[in-house]
Amino acid sequence: MKKQTFTVIATTVITTIILIAAFVYFMPIIGPRYLHPMMMGDQPAPSNLDTSAARTSDAGLFNVSWSADSGEPPLNQIHTWTLHIETAEGQPVEGATITVDGGMPQHGHGLPTSPEVTKDLGGGNYRVEGMKFQMLGFWEVKFDITANGQSDSITFNLVLE
Ligand SMILES: [Cu+2]
């Protein structure tokens with residue numbers, strides 16, 4: 001093999017490896033912010049969206065609020081929420097059975113994780129573990145709540161930016 005040919009091959013191989021390494025390294029940063037929204041059609045969130053973190057459930061049974069333990073929900077990190085549930089009269093609801101669902105309605109996909117309520121903290125508070133939002137934009141988070149023999153649902157809207 002000529003020395004020149006070897007140099008060309010070595011340069012190509014090294015360049016390729018550097019490009020792949022850079023892609024792998026930057027993908028978690030570029031992906032959720034740019035690539036994924038681009039692939040999914042980058043629509044703005046609906047302008048009339050109610051993004052309040054404290055709302056009344058669909059049938060009016062519960063007043064529910066959420067907070068992310070880290071403050072703002074982080075992008076692309078598994079984190080924990082605390083859900084607070086009261087009756088319409090303002091009494092804390094304890095011993096509720098709660099399931100979590102959600103996704104991005106504009107992208108037609110669900111949550112990347114399967115969050116669960118892992119602890120009844122008392123006083124109407126519940127720990128929700130496994131929350132994750134893997135891209136910026138408009139998310140829905142839905143809770144189905146059953147307590148004292150009655151069930152109701154609530155959907156929160158949030159916009160990650
Ligand atoms: Cu999405």
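User: Which domains does the domain assignment give for this protein?

Analyst: In this predicted model, the assignment gives domain 1 (1-42) and domain 2 (54-160). The centres of domain 1 and domain 2, taken over C-alpha atoms, are separated by 39 Å.

User: How many residues does each domain put into the contact?

Analyst: Domain 1 supplies six residues to the contact and domain 2 supplies seven. On the side of domain 1 that touches domain 2, four residues are nonpolar, one is polar and one is charged.

User: What is the strand order of the open sheet, and is the pairing parallel or antiparallel?

Analyst: Five strands make up the open sheet, in the order β1-β2-β3-β7-β6, with antiparallel pairing. Neighbouring strands of this sheet are turned against each other by 25° on average, direction ignored.

User: Why is one side of β1 and of β6 left without a neighbour in the sheet?

Analyst: β1 (54-56) and β6 (116-122) stand at the edges and each has a single partner strand, so one side of each has no neighbour in the sheet. For β6 and β7, the antiparallel pairing runs over five bridges. Lys119 stands opposite Arg127 in β7.

User: Which residues have the most contacts inside the largest nonpolar core?

Analyst: This core has 24 residues, and those with the most contacts inside it are Phe62, Val64, Leu83, Ile85, Val128 and Phe143. Two or more residues come from each of β2, β3, β4 (97-104), β7 (125-131), β8 and β9. β8 gives the largest share, four residues.

User: Which residues does Phe62 touch, not counting those up to four places away in sequence?

Analyst: With that exclusion, Phe62 touches Ser57, Ile85, Glu86, Thr87, Val93, Ile145, Asp152 and Ile154. Of the core residues named above, Phe62 and Ile85 are both among those with the most contacts inside the core.

User: Where does Asn76 lie, and what is its phi near?

Analyst: Asn76 is in the loop between β2 (62-68) and β3 (79-87). Its phi is near 65°, a positive value in a residue other than glycine.

User: Where is Asn148 found, and what is its phi?

Analyst: Asn148 is in the loop between β8 (137-147) and β9 (150-160). Although Asn148 is not a glycine, its phi is positive, at about 50°.

Conventions:
Residues numbered from 1 in each chain as written. Predicted model: local features only at pLDDT ≥ 70, side-chain atom pairs only at ≥ 80, totals over all residues. Domains from an automatic or database assignment. Contact = placed C-beta atoms within 7 Å. Nonpolar A, V, L, I, M, F, W, Y, C, P; charged D, E, K, R; others polar. Core = buried A, V, L, I, M, F, W, Y, C linked by C-beta atoms within 7 Å. Buried ≥ 20, exposed ≤ 12 C-beta atoms within 10 Å, placed from the backbone. Pairing = 2+ DSSP bridges. Axes fitted to C-alpha atoms, helices over the stretch in contact; angles between N-to-C directions.
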